[in-house]
Amino acid sequence: MPDSVSSFTLVDVPGAVPLLGHLQAFKTRPLESLSTWWRQHGDALRFRLGRKTYYLFSHPDLVEDTLVKQSDRFVKVYDPRRPHGLALVLGNGLVTSSGEVWKRHRRIIQPIFHRSRMAAMADRMAQVGEQRVATWETHAGRTIDIAAEMMQLALEVISQTMFTTSMTQHIDRISHSLRVSIKYAFDSFSNPLFLPLWVPTARNREFRTVMQFMDGLMYGLLAERRQSGATHDDLLDLLLQARDEETGEGLSDQELRDEALTIFAAGHETTANALAWTWYLLATHPDAKARFHEEVDRVLQGRTPNTDDLQHLPYTRAVFDESLRLYPPVPAVVRKAATITTVGGVSLPAGAFVLVGTYNLHRHPAFWTNPEQFLPERWLDSERPAARYAYLPFGAGPRACVGIHFASVEGPLLLALIGRRYDLQLAQERVEPQLMVTLRPKAGIRMLLQPRHVPVVSLS
Ligand code: HEM
């Protein structure tokens, strides 16, 4: 029995219709549904999507019980024998696998993200950032879609740091393929009326085509590295060299493909969205933007940033943390109860789906002062979140993000690198968040690229 402090009353979200439950509302506006239901009905809710019953938890105590204290009772929702949702794209990689496979692969992959490697990674990130930003010169004074730009930048960062290769020539096709496949994964997961992959619909055909392209890319990377025999001390080397402690066997080609694609996708999509939302928040809060520019100019003095600079850029880091609070790239974490269990006094049957409402927690008035306001200062002052699990942009417990240090360096570093050269101004009226596994700006974010007139020392 868990030692929960609080006891919660479970509320059924009203408005369920026979057979479909709350599907119509959720399908049309998933983020708004989760947030409105929570605001209207409370921290422990139950709703239905077709035959599947979901529990929505939006309180730190419920999070701690689910993701940390009882993490062995709450498993990932994917079954490698019957892949659905994200597993259709990522296979049985680190995000989607469970049990012994997950444990073994996490042990293999974790060392690449060790803190001691971050300085070298940061130099590579900065190099990629400078190269990419140099291509913006022709757009200076014009508008660009900053969300698409951040996607391409983060994609190149992950390709260069993890796979020591460039993806610039495939960037448009990769972005398209990931967009199509992730939307497919999200819809297939949340919509019980979704037609299975074997039905020859136009959408299923499109999904197969983009997956063939992504598979080709991943298998191509692996073959190239094997053939060249070169070593780069990167993730690809680590995966190819991994041997089972007992059998001495390496990872199969399928396992290698799944892990490579997982890091490739999970490692850029989240950071790119976080950066896009940060530029949006800065553009809509001129005082914060001025303070950010002042700090970047004072600390960098026109240089390219490195890891050491980050400790002198507290406001820039606070801006990033605050952006992750208001627009968490992973707005909800999903688990399945492996057995009958109780969380905060709420009984859950085996097989129950739990959604940890990160987006809701980050705006919970019981744990944040002025929760809806963008206030980077809250991360500088003593007013950090009162409850440990009220802030979980990187998840919590054993399945927390393996890339947390990487992203915590990459985010502020790229903000500083871009902020010293450009003032990004919002050039569209409405920006709407859309939940599609991650939290994206629905139709991108058009911004005016205004060059800043500060001394610039370019990278040698
Ligand atoms: C701002 C950036 C990022 C955010 C907000 C983020 C968020 C998250 C969250 C919330 C989880 C936990 C999901 C769950 O519990 O179901 C997660 C897991 C994961 N993330 Fe990240 N992530 C970010 C960046 C990265 C980067 C840069 C990488 C890799 C280079 C990465 C790779 C992964 C992987 C492989 C997992 C699965 C870990 C496991 O289950 O063992 N993420 N991430």
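Predicted model: local features only at pLDDT ≥ 70, side-chain atom pairs only at ≥ 80, totals over all residues.

Leu19 sits in the loop between strand 1 and helix 1 (23-28). I looked up its phi because most residues other than glycine have a negative one. For Leu19, phi comes out positive, near 65°.

Next I went to Asn370, in the loop between helix 15 (358-361) and helix 16 (404-419). Its phi is positive too, near 45°, and Asn370 isn't a glycine either. Buried or exposed, I asked of Asn370? Exposed, since I find 9 C-beta neighbours inside 10 Å.

I traced six strands in an open sheet, order 1-2-3-9-6-4, with mixed pairing. Strand 1 (11-12) and strand 4 (74-75) are the edges; each has a single partner strand, so one side of each has no neighbour in the sheet.

I zoomed in on strand 6 (residues 333-337) and strand 9 (residues 353-356), which pair antiparallel over four bridges. Val333 faces Val356 of strand 9 there.

Last, what packs on the sheet? Helix 3 (residues 60-69) does, touching strand 2, strand 3, strand 4, strand 6 and strand 9. I noted an angle of about 125° between the directions of helix 3 and strand 9. Helix 2 (residues 30-41) packs on the sheet as well, with strand 1, strand 2 (44-49) and strand 3 (52-57) as its contacts. Its direction makes about 140° with that of strand 2.

Conventions:
Residues numbered from 1 in each chain as written. Pairing = 2+ DSSP bridges. Helix = DSSP H or I, 4+ residues; strand = E, 2+ residues; numbered from the N terminus. Contact = placed C-beta atoms within 7 Å. Axes fitted to C-alpha atoms, helices over the stretch in contact; angles between N-to-C directions. Buried ≥ 20, exposed ≤ 12 C-beta atoms within 10 Å, placed from the backbone.
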